Amino acid sequence: MAETSRVRKNSVGSGMEGKKADRDAAQQKTFTKWVNTQLKRSKYEPVDDILTCWKTGWKLAQLTVALYGVKMRKLKKVSKLKLKPHYMDNISVAMEMLEKDAEVKTNFLKGEHLWEGDKMMMLGMVWAIILDHAIKGIKFEEDGSSATAKQGLLLWVQKQTKGYRDVDPPGVKNFHTSWKDGMALCALIHKFDPSLVDYDSLDKKNAKENCEKAIKIAEEKLDIPAYVEAADLYDTPKPDEKVVMTYVAEFFHKFGSLGEKQAALRRVNQFIQFQRNIWKLQTDYNKRAQDLLQWADSKIKEYQECNLGETQPEANAKLEALKDYLKNIKPGKAVEKMDIESLYGEIQSTLRINNRAPFTPDEHLAPPDLHSKWQNLQQAEAKYVIMVVVLLSYFQSQDWE
């Protein structure tokens, strides 16, 4: 009797583990397709495995840029990643881009999870990104009341499929079993373009055929990526909710803008986001250019004053300080100057592509001003070097006498 009980428990446990494995596999497949679609839209290379592709930090950074338009931060090149700390540095930068720059909540995600490729945490991270980017912002109003995200998406589906045979009644109730026979997907497509689906010819008993038809038409005629396969819907007792929501959200974004008011609102939001990103870049440019010019002014003043001291030890100390400056300080400032000029080019290119007026930096902060100030600095340095050498030669000649 006890043995029978143990067998039953083991059987139940194995069944639950099997369902979880199937669910994870479905999510991994759909999430991989979703991630690759976003990467390809921004001309980034796709990934093969969303469990291990985050290890260098680069793919997470690229995905964040592709989705949210944030500025790419500096990461170490993949060829330079030799030890775990090198990888962790990149991962840390990428996570800051996602969590701070894009303001995406990742639910207790840590750098170690990306390093280890923890399946549960990686699927959770991608779902958090999908939820934030593709689903969280969905809003749908009905009868004066409002709903967001999952409820909003479901309400939208219910309204679009209202009255369709074998869909309503009973109505789309969820994001799993309501999609098994493919009728709800076909109804959505028919609602927005009746020429694409002969709805009257469909039979809910032909679940496999319905699902395959809907997914194929959506991809080929509507440019909706096939994040799911037909078997993910019809060939499982309960399709995965996250997988179905990820796919259906694409229909919402494709069709949900019907009506000039909604379309105009989306354009306004995009414009506001564009303006916000450009403003951040322009503000960053002005601040960094001003800081560099102030630093250059201070060095020019120091070298023009030419306070070399009155003794040979003081002159020697000035020479050593000059050597340290030329070796350890100025090269970093030169790199900063090039970065600032590159940022200026990026801003102008982005504005030009989007048919916007060119960026005019604050007064005396344009690249020609930086170049002119840099030349003044080099001239002051050269004169200072000559004065140091002359003074040391003088002291040496006095010693010789």
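## Contacts of N174

In this predicted model, N174 touches L154 and W179, leaving aside neighbours within four places in sequence. The residue sits in the loop between α6 (149-160) and α7 (183-192). N174 has a relative accessible area of 14%. That value is under 20%, so N174 counts as buried.

N174 also makes a polar contact. Its side chain reaches the backbone nitrogen of H176 at 3.0 Å.

## Aromatic pairs

The count of aromatic pairs comes to 16. One of them joins F175 and W179, with ring centres 6.3 Å apart. The two planes lie at 5 degrees, so the pair is stacked. Planes under 30 degrees apart count as stacked.

Are F175 and W179 buried or exposed? F175 is buried, at 1% relative accessibility. W179 is buried too, with a relative accessibility of 1%. W179 is also one of the contacts of N174.

One aromatic cluster is formed by W156, F192, Y247, F251, F252 and F255.

## Packing of α7 and α10

Helix α10 covers residues 241-255. It packs with α7 at an angle of about 10 degrees. The axes of the two helices are 12 Å apart. Angles under 35 degrees count as roughly parallel, so α7 and α10 are roughly parallel to each other.

Which residues meet where α7 and α10 come into contact? From α7 come L185, L188, I189 and F192. From α10 come Y247, F251 and F255.

## K55 over two rings

Which rings does K55 lie over? One is the ring of Y87: K55 lies over its face, at 5.7 Å from the ring centre. Another is the ring of W115. There the charged end of K55 sits 4.3 Å from the centre.

## R356 in its loop

R356 lies in the loop between α12 (312-353) and α13 (367-400). Its relative accessible area is 37%. That lies between the 20% and 50% cut-offs, so R356 counts as partly exposed.

What does R356 contact, leaving aside its neighbours within four places in sequence? The partners are F271, F274 and L351.

Note on methods: Residues numbered from 1 in each chain as written. Predicted model: local features only at pLDDT ≥ 70, side-chain atom pairs only at ≥ 80, totals over all residues. Heavy atoms only, no water. Helix = DSSP H or I, 4+ residues; strand = E, 2+ residues; numbered from the N terminus. Buried < 20%, exposed > 50% of the residue type's maximum accessible area, 1.4 Å probe, protein only. Polar contact = N/O pair within 3.5 Å; in protein donor to acceptor, adjacent residues only side chain to side chain. Contact = heavy atoms within 4.5 Å. Phe/Tyr/Trp six-rings, centres within 6.5 Å; stacked < 30°, edge-to-face > 60°. Lys NZ or Arg CZ within 6 Å of the ring centre and 35° of its normal. Axes fitted to C-alpha atoms, helices over the stretch in contact; angles between N-to-C directions. Parallel < 35°, antiparallel > 145°, perpendicular 65-115°, else oblique.
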